[in-house]
Amino acid sequence: MLSMTGVCAVVAVCVLFFILGYLVYHGGTSISWNFFTRLPAPVGEPGGGMANAIVGSAKLLFLATLIGVPVGFFGAIYLAEFSGTATAFIVRYAADLLNGVPSIVIGIFAYSLAVLPFKHFSTFAGGFALGLMMIPITLRSTEEFLRSVPISLREGAMALGAGKWKTIATVIVPSAYRGILTTILLAFARVAGETAPLLFTALGNRFWSPGWSQPTASLPVAIYNYAISPYEDWHRQAWAAGLVLLALILIINIVARGILARSVSVSRS
Amino acid sequence: MKRIAAIFLVGLGLAGILLAQGVLSITGAGATFPFPMYSKWFDEYHKKNPNVQINYQSIGSGGGIKQVTEGTVDFGATDGPMNDEQLKAFQEKHACAVLHFPTVLGAVVPTYNIPGVTGSLNFTPEALAGIYFGKVTKWNDPLIADANKGVKLPADDIIVVHRAESSGTTYVWTDFLSKVSEEWKNQVGKATAVKWPVGLGGQGNEGVTGTVKNTPNSIGYVELIYAESNKIPYGNVRNAAGVFVKASLAGVTAAAAGAAKSMPDDFRVSITNAPGKEAYPISSFTWLLIPSKISDAAKRDAIKGFLSWMLSDGQNYAEALSYARLPKEVVAKEKKALSNIQ
Amino acid sequence: MATTTTIVPSGGPVAGSRSFLSRLRDGDEIARLITFLFAASVVLITALLVYELWQGSALPRHQFGLNFFRTSVWDPVFDQFGALPFIYGTLVTSAVALLIAVPLGIGAAIFLAELAPLRLSDTLEFFIDLLAAVPSVIYGLLGIFIVVPLMRNGIQPQLKQYLGFLPLFKGPAYGLGFLTAGVVLAIMIIPYIISVSREILLSVPRDQREAALALGSTRWESTWKVVVPFARTGIIGSVFLALARALGETMAVTMVIGNTPVISPSLLSPGDSIASVIASQFKEATGELYTQSLIELGLVLFLLTFILNGLARLMIVITSQRGSGTGLA
């Protein structure tokens, strides 16, 4: 019976390695200098790349972080330091609901809020949609890390005459700093791979997208469009893009966990 | 670490600002069927006019109609012309009309995967309608077998595949079926998305192609170019003159030739089941949807510039990508219609 | 866990009687206000979302009313819209996903929490969490290229051969369908079940285990009969959270489910789900009734997730109150 449970765990891990291996096998050949620097070529012409999708994803994620992180971070400070239980319950429930909203519905919501009134698809709308998805993750986890700061630290600060805000800014947040950073990185990794919210907001672009109010290409949407095309060259590019996206998210996860591991050992010492 | 992040962010910001100088960006969205053609055209046009970027996204014909009506894109594209209701909706929203400009011609073919059958099967319109209605359920049904004497058809069930999402290809296919089957017209109708009596859905032309390729005894409908790129067998369809025609650029052009003479002024015309011995019966124009009033003068000139290029040099690129060029009469008529864009 | 109110010595006679303006000068009140605004914005956004969904589906709600939930017809040409096949598809695929993922996930979590040495457990957990970070588009592609052929050529014919007498496995084996979508979903939600269940199992107090062992039970008996039941409500909570993810999963499901709005008892049949049909048809839906019916489907899905989230929170709160410690969310 015991060994059965071990088998379960091993099965789960094997699936991950299989996925990685498959992507490397199919997409590895398309990873080239062209892939990272060239714009998409018209159908049937080889040598195109996904440079604009990579930059587009970077801009979208930058905007998402700008929108999602402050709301999550400051909201978490309120929940952990200032609020009463009733307000806290409402805010947490709302955050959980937002977390459970399917990404496609977030896309529709962002479409009606950020695309229709302005009459064009834009990087801003895409970043807005992704930012919305980052809020609940950032809020809930940051709150947990803030709460985990030992009460002795708080009381020490108070005893020295610091006000509430000063305590938060100079003692509590810095000591939870690593955990909060991890949270941000994990929320980032989660939205980096989302496709559905971008379909109705950032749309897509065959060219560079200047500024923030034009439609923009992005890696997840590019993967989807290329994968369902009939061209072999585009299929290979789709796999390559999938590999690049997955590698990016894995690296972020590893960095986030590395920081967290260090913070745990730091606080133990 | 913080310094690197700061430099990176400043760099992004600068890049955003700098790249915004000087380029005119036009966005269009719509049909997936002509996407290979449009991506080639817009690329070539950009090479000749580097300060004009026309970004076309293939989100489907319905998407093109919807987004151009909403005003979120500068132009749309569709395989099925807008109906009167949709035209009225546009007129109400924008206080001007939307103009249809045919660009190229294409064909929709019935593709199949029957173990043991390698040649081109003959399909009568009645057979196709019956199959998609779910009335013709086996490959060796007389409706199919009678047109294919000498071909050994199995007694297996037909697995029908159609498009999962809304699409102009579906519009052309159902338009044809509505013309050849009264029952289909009354019970299912023609549209970019219908209530299919039977069948599996595949996402995009590629989804249908893939499903047919991998499912024995299946039949699906796809654009000619997708069938050719994937080297899958597709059948001949009997046209209105009683001849079994295999889809080809010549057959499509023949279908358009008849329509060219009686082309209405708004260019909305269906050429499925066209008369003529050589006409391929499941052919269609594909259109760009341009608002008749464009307030941004630079955009208007760029769009008009593109359209006249498309009607002259652009047509030369069509055949290499398996699209049929527009008949001469249609081109002439369109050139005159360009002045309607203000 | 409410924060303790601290009395900051700043000169007034009694803490609560200072005027608003003088509290404002302290900076604490500003901080409180600012952070409150951010926290409140979360609630506002969620409320706005519900409002948009409600408003955006006004037409079909008035036109179809409750019939929306009783009709199985989805006809964009003749403007007949019913949600039943999509609700059915969403529930069936999620059920299949849970049936596969829950035993595997809890088994793996038990292994990682109770039986594996800590280093191994942490390493494996790291990799399993990475599985949750794989984008859903990639799961969809892998579904099409690997799972569907495997189903069509390998697994489904076997199921038909041995279990074909059950209505669950009737009909042709297309490869696409409820079963395939359920399998792909299972792979996607397993990491959530493993992560959360492992955390909860780890938080069961040591004295429970030790008491069982002291009474002479085997390792397995103490795990299965004492620890797991103790953590039962928390584990069920994790299952609900995974279910919420499965209900809303869009891209992967739409690529393998067959996109046919039918209600069929057979798992081999193609079907459709709410998220999948919205993704396929929303972009191109022309006509108010059509578009708004899709939005109403979004509302239905939101309500489903609302209820399930509520149940999950309740479960987890019950576990916390029974003293398992972490009060996880």
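In chain C, the centres of domain 1 and domain 2, taken over C-alpha atoms, are 36 Å apart. Domain 1 covers 14-56 and domain 2 covers 59-324, with bounds that come from an automatic or database domain assignment. This is a predicted model, in which local features need pLDDT of at least 70 and side-chain atom pairs count only at pLDDT 80 or more, while totals for chains, interfaces and linings use all residues. Residues are numbered from 1 along each chain as its sequence is written, chains are lettered from A in the order in which they are written, and side-chain values use heavy atoms, with hydrogens and water left out.

- Chain C holds 13 helices and two strands; helices (H or I, at least four residues) and strands (E, at least two) are DSSP runs, numbered from the N terminus.
- Of the 329 residues of chain C, 56% count as buried, where buried means under 20% relative accessible area, exposed means over 50%, and partly exposed lies in between (1.4 Å probe, protein chains only).
- Among contacts in chain C (heavy atoms within 4.5 Å) between residues at least 6 apart in sequence, 72% join residues at least 24 apart.
- Domain 1 of chain C and domain 2 of chain C bury about 650 Å² between them, and carbon and sulfur atoms give 69% of that; buried area is the accessible area (1.4 Å probe) that two parts lose on being put together, summed over both.
- Three residues, C:L53, C:W54 and C:G56, supply 75% of the area that domain 1 of chain C buries against domain 2 of chain C, more than any other three residues.
- Between these two domains the rule finds zero salt bridges, a salt bridge being a side-chain nitrogen of Lys or Arg within 4 Å of a carboxyl oxygen of Asp or Glu.
- One residue pair is in polar contact across the interface of domain 1 of chain C and domain 2 of chain C (both at pLDDT 80 or more). A polar contact is a pair of N or O atoms within 3.5 Å; within protein, one must be able to donate a hydrogen and the other to accept it, and residues adjacent in sequence count only if both atoms are side-chain atoms.
- On the side of domain 1 of chain C that touches domain 2 of chain C there are four nonpolar, three polar and no charged residues. Here Ala, Val, Leu, Ile, Met, Phe, Trp, Tyr, Cys and Pro count as nonpolar, Asp, Glu, Lys and Arg as charged, and the others, Gly among them, as polar.

**Where chain C meets chain A**

- This contact takes 67 residues from chain C and 69 residues from chain A.
- About 6800 Å² is buried between chain C and chain A, with 81% of it from carbon and sulfur atoms.
- The rule finds zero salt bridges between chain C and chain A, and four residue pairs are in polar contact (both at pLDDT 80 or more).
- Several helices of chain C each supply at least two residues to the side that touches chain A, among them helix 4 (84-115) and helix 13 (288-324).
- Helix 2 of chain C gives the most to that side, with 16 residues.
- By class, the side of chain C that touches chain A has 47 nonpolar, 14 polar and six charged residues.

**Where chain A meets chain B**

- Chain A brings 30 residues to this contact and chain B brings 31 residues.
- The two chains bury about 2700 Å² between them, 64% of it on carbon and sulfur atoms.
- There are zero salt bridges by the rule between chain A and chain B, alongside six residue pairs in polar contact (both at pLDDT 80 or more).
- Helix 10 of chain A supplies the largest share of the side of chain A that touches chain B, three residues.
- That side of chain A divides into 18 nonpolar, eight polar and four charged residues.

**Local spots to look at**

- A:S218 sits in the loop between helix 9 (196-199) and helix 10 of chain A and is buried, with a relative accessible area of 2%.
- Not counting residues up to four places away in sequence, A:S218 touches A:A53, A:S57, A:L60 and A:L198.
- B:S292 lies in the loop between strand 11 (283-291) and helix 12 (297-311) of chain B, and counts as buried at 11% relative accessibility.
- In helix 5 (residues 125-133) of chain B, eight of the nine residues are buried, and B:G134, just after this helix, takes a positive phi of about 90°.
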